[in-house]
Every structure is written in structure tokens, then in C-alpha cells.
Amino acid sequence: MMTNHNLLASFLEVAAAAGDKPFLIAGETPVLRFSDLDRETGRLAARLAALGSEPGDRVVVQVEKSPEAVLLYLAALRAGMIFIPLNTAYTTAELAYFLSDAEPALVVCRPSDEADVQAIAGTARVVTLGMKGEGSLLDDLPEQIGPVVERAADDLAAILYTSGTTGRSKGAMLSHHNLYSNAATLKTLWEWQDDDVLIHILPIYHVHGLFVALHGALLAGASVLFHQGFDPAAVIADFARATVLMGVPTHYTRLIDSPELTRTAAKPMRLFISGSAPLLAEAHERFARKTGQRILERYGMTETGMITSNPYDGERVAGTVGFPLPKVSVRLRNDQSQPVELGEPGILEVRGPNVFKGYWRNPEKTAEEFREGGYFVTGDVATRDSEGRITLVGRAKDLIIAGGLNIYPKEIEEAIDALPGVAESAVIGVPHPDLGEAVVAVVVRESGAELTEAGILAEIINELARFKQPRRVFIVDSLPRNAMGKVQKAALRAEHGALFVPAVTTQ
Ligand code: MLC
Ligand code: AMP
């Protein structure tokens, strides 16, 4: 008989051993127990089938973070569907693109979005799920439970949209085995135990909050303190009954700035993990001084899950992302695809069971991003020292990371360039004390056109999610270009680099 590689089957095995221990706890209340996981995912999977969805169908989900949304993810796995979570900040215009590309059988949206989504959903069935479990998804929940649908290791579990190294959002196809292998590796590496308690503060539409955090707890049989958003004081108060925290650097800098963060408060915690964006060495050291604990920084990507991690036992070096995970192979290449010398920067390429199956319905782009030997090109520039430790030193891709969210300048430039009176634009990231980087647009007016910062921002408000919208817009007559005619973004970054932080003077 074929082994069922459905990821949910692995979680259910752990759940069976965990008994009635809470899986999700909201505030003081256990809202989902391990002992209920089989029945609750089974009923919801049966509901998905009753809505006409079949194994292999795609379900697009744009809902607020809630325990029911977690159950929906697990039920979709169980039903053999392909789960496609979307950032709740995406506008209807952005959603329309994802729906046309993904062609889902089912869309689950917020109750307040139902009419807008219905209008763009085509033949897809639309149901709703609200923050408190209200909405038509959970109406008529059957009593009988749906089976854990047989899946092969390479069958798709999820598609996560990302812009990869360039261009328009593409769906990264992740298989059941991609997700399982990464989760199992991290469970061992970070020494997850069944008495761990994770403080969950991340959104559940990205790799970090949905996979790294939740899969870790599910494979360990550990409980999760499920926070709706991020309130530093509430998180620090939870340290007393928790052991693990995962966050992006913005979470850590906000914690460091909280008076409640002390050595005594942090004492019960065994592990603080940071990733998704660079954690400044200075923040790492400040956190260590305040708490006596060293943050474990790791590095990953939507297409690959986690790639490297600082050691659990062993030195966690600030400003580095540690070593390749077991079974994950990393190499550094120059722009002619040749190996670089030890200590020299190169573009990081990765191969392993964690690496995705390609971009959804985009074989050309998939082929472009893979090199001989099956290595995927991350677009991150790194160095490796003689011990094998990796440091990220830059990006070969034009990407801004604000508060752990990726923003593609090209997408914003296209939206601005389409406005009347705009000749062209350049969008850059500049240092920001809270978000790490903030978006700034430099816009060239057509001759005679009257453009204003407020006018441009008002025009794109319904086009782009709020987090992508520029924090400042500058109207200029021309952009700096090099001899080849290429816009010199480095010059713009230098010019606007001190907008949100004091200029650093180098002597
Ligand atoms: C919120 N805003 C942002 C923003 N988050 N703007 C830019 N970038 C962001 N990340 C906007 C809000 O819309 C608001 O606009 C204003 O900033 C202030 O918001 P806030 O209340 O301070 O934000 P908050 O809700 O506290 O959110 C900040 C945050 C959040 C850091 C908690 O962004 C967050 O959860 N980030 C984590 C993202 C994540 O999960 N990344 C992992 C990707 S996976 P206005 O106009 O209303 O004032 C990945 C792979 C890997 O990268 O390796 O993990
Ligand atoms: P995403 O495509 O949203 O999954 O984001 C992946 C990108 O986030 C990577 O390619 C890196 O550029 C960045 N990233 C993730 N973790 C780290 C980290 N620890 N330090 C610096 N950058 C990181």
C-alpha cells in the first residue's frame, strides 16, 4: 500500500499522542485541543467537499487571523486541496490578479468583502469566514468527517504568491514533502519538545507564521498562545507561560523598546527566533543585554522554506544567518555562475528537499531560476567563512523588505508610471528605525504636468496594499542614470537615506 504523504497525517499522528492538551490558546481559553484535531479538520474537509471542491483543487483564502482560519488550512490539507493564503492587506484590484492566475474552485473571504469578491470570482464558489468564526464557510458543518486524502510526496499542499527575484507575483508550488521535510528538520534542530509553548504573533498567510511557526508546534505536539496581532506588552506578559517566540526584526526592535522587557521577564523562555529580514547586529546585542538571551537568527524564502540557521547549541553570531540546514546544500556563485573564493560574496543558490516544485503555470520563469544540478537561485548575496557560516551581505534582486514583508519596486513603479503626467519613476527602500526599510518613490513629471505627492498617493490608494504604498514621494525633473542609461538606484538611496534615520557619517 502507498504511504500517505499528506502532511496532515503526520500532524494527526502527533495529535493522537498529545491527547487533550490544548493546541491553540486564545487569551486564557483553549480554543482547539489536539484531541479535537481529527474530528474538526474532518468535518471541515467534508464541508469543503460538500461545497464542490475536489482533491487537487485550489482554495484561495483571504481572511483575518483566527483559530478557524488555522483549521481551514489543516482541513484543506486533509481534503487534498491546494491552499493559497493571501495577505489581508491586498486590495480587490490585487486579488483579481491572484484569482485569474490561480483559478481556484473555492474562495474564502471576509464577510465584508463578499460582494466585491463575488464580482471577480468567475466560476469559483465564494464563502465567507469572519474573525469570530462567523460566515457561510462554517454554516451547515456536517457531523460526518471527510477522509485524510491520499497524497504523494510531490503532490502540492500550497501555493504561496511571491515575486521571486523579479517581476509580477508568481505562485510558488510547495509539495507535502517540501513542507514536511523542512518542519521535521527544524523540529530536531531547534529541539522542539511537547512541553514547549509557542507565542504566535505572525500573520498566517506567509511561510513564517503559517509553516515555520505552526508546523513546529504541530510536529512537536506543543501548545500555541495565539495572538491576534502584535502587542509588545501582551507578548512579554506571556513569557511567563511560554518557551518559544518567533518574529521578524520589527517585532524584536519594538520589544527592545518596551520597558517591560527585562532579564526576569524573559527568563522562562528558552528560544527567541528571528527571520524574514536582516536583524541588525546592534539589535541582537541590545536584546542580549536586556534579557541575557541571544536571538537565534535563521534565513529562508517562500520558495525554499528555511535554508540556514544559527545553531541551537553553539555560538549564535549577530549579523550572520548560521549554517545550511541538514540535507540542504548551499553554494555561492558569481554573476557568471562560477564558484566564488572563500570569503568572497556570491549569489546564494540552494538545493534540497525543501526547494519548491516551480512557479505555478510558469515553466519559463521556473527554468530561469534554476541552475545545473537543480540549484535554485535565491537572489540573495552572501559570504561564507571557513567554518561554513553564512552572512547575507546584499541582494541581487530589486527588493524592499519592510517589517518582514517583501515589496517589489517594479510593481509600485508600474502603478505610478500609469498615472497621467508621470514620465517615469524609481522606487527605493531607505533605512527605517521601525520597519527596517521604508518605501520611497522618486517620480519624474512629464513636461508641463502638475504633480503633487498627495495627488500621487491618492491615485494609488485603491491599487496597492497599504504596506506597499510609498511613505514619501519626491517629484523631480530627471533620474540619475549611468553611462548605460540604467537608473542609479544607489545614488537615490544615498540621497534619501537619512529621511527616517539620522545620517551615518563615515570617516
Ligand atoms: C504595517 N504597515 C506596514 C507594515 N505593517 N507598512 C510597511 N510594511 C509593513 N510590514 C502599515 C500599516 O498599514 C499602517 O499604515 C502603518 O504601517 C502602521 O502599522 P502598525 O500598526 O504599526 O503595524 P502593525 O499592525 O503593528 O504591523 C507591523 C508588523 C507587521 C511588523 C507587526 O507588518 C507584521 O506582522 N509583519 C510580519 C510579516 C511577516 O510575517 N513576514 C514573513 C514573510 S515570510 P497606516 O496608514 O494605517 O498608518 C518570509 C520568509 C522567511 O519572509 O524567511 O520567513
Ligand atoms: P519571501 O520571498 O517573502 O519569502 O522573502 C524571502 C527573502 O527574505 C529572502 O530572499 C531574503 O532576502 C529575506 N530574508 C529572510 N530571512 C532573512 C534574514 N534572516 N536576514 C536577511 N534577509 C532575510
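By class, which residues make up the shell around ligand 2? Keep that in mind while you load the model, which is a predicted one.

**Stop 1: ligand 2**

Select ligand 2 and the residues around it. The shell holds seven nonpolar, five polar and five charged residues. That is 17 residues in all, and the closest are Arg 298, Thr 302, Asp 380, Lys 397 and Asn 406.

Now show the polar contacts. Start at Glu 297: an N or O atom of its side chain sits 2.9 Å from a nitrogen atom of ligand 2. Move to Arg 298. Here a backbone N or O atom is 2.7 Å from a ligand 2 nitrogen. Then pick Ser 276, where a polar backbone atom lies 3.1 Å from a nitrogen of ligand 2.

On its own, ligand 2 has 500 Å² of accessible area, and the protein covers 91% of it. Next, colour by secondary structure. Strands β13 (296–301) and β20 (390–395) are the elements that give two or more residues to this shell. The top contributor is β13, with five residues.

**Stop 2: ligand 1**

Select ligand 1. It has 21 residues around it, and those that come nearest are Arg 254, Ser 276, Arg 298, Arg 466 and Arg 471. By class, this shell splits into nine nonpolar, eight polar and four charged residues.

Zoom in on Arg 466. One of its polar side-chain atoms is 2.3 Å from an oxygen atom of ligand 1. Go on to Ala 402, whose backbone places a polar atom 2.8 Å from a ligand 1 nitrogen. At Gly 300, a backbone N or O atom lies 3.3 Å from an oxygen of ligand 1.

Taken alone, ligand 1 exposes 1000 Å², of which the protein buries 70%. Show helix α9 (249–256) together with β13: each supplies at least two residues of the ligand 1 shell.

**Stop 3: the nonpolar cores**

Hide the ligands. Which residues touch the most other members of the largest nonpolar core? Select Phe 23, Leu 74 and Val 108; this core has 86 residues.

Centre on Val 108. Beyond its neighbours within four places in sequence, Val 108 is in contact with a set that includes Val 59, Val 60, Val 61, Gln 62 and Val 63. Leu 72, Val 127, Thr 128, Leu 129 and Leu 137 are also among its contacts.

Finish at a second, separate core of 42 residues. Select Leu 156, Met 173, Trp 360 and Ile 460 to find it; they are among its members.

How values were computed: Residues are numbered from 1 along each chain as its sequence is written. Chains are lettered from A and ligands numbered from 1 in the order in which they are written. This is a predicted model: local features need pLDDT of at least 70, side-chain atom pairs count only at pLDDT 80 or more; totals for chains, interfaces and linings use all residues. Side-chain values use heavy atoms; hydrogens and water are left out. A nonpolar core is a set of buried Ala, Val, Leu, Ile, Met, Phe, Trp, Tyr and Cys residues joined through side-chain atoms within 4.5 Å. Buried means under 20% relative accessible area, exposed over 50%, partly exposed in between (1.4 Å probe, protein chains only). Contact means heavy atoms within 4.5 Å. A residue is near a molecule or strand if one of its heavy atoms lies within 4 Å of it. A polar contact is a pair of N or O atoms within 3.5 Å; within protein, one must be able to donate a hydrogen and the other to accept it, and residues adjacent in sequence count only if both atoms are side-chain atoms. Accessible areas come from the Shrake-Rupley method with a 1.4 Å probe; for residues, only the protein chains shown count as cover. Helices (H or I, at least four residues) and strands (E, at least two) are DSSP runs, numbered from the N terminus. Ala, Val, Leu, Ile, Met, Phe, Trp, Tyr, Cys and Pro count as nonpolar, Asp, Glu, Lys and Arg as charged, and the others, Gly among them, as polar.
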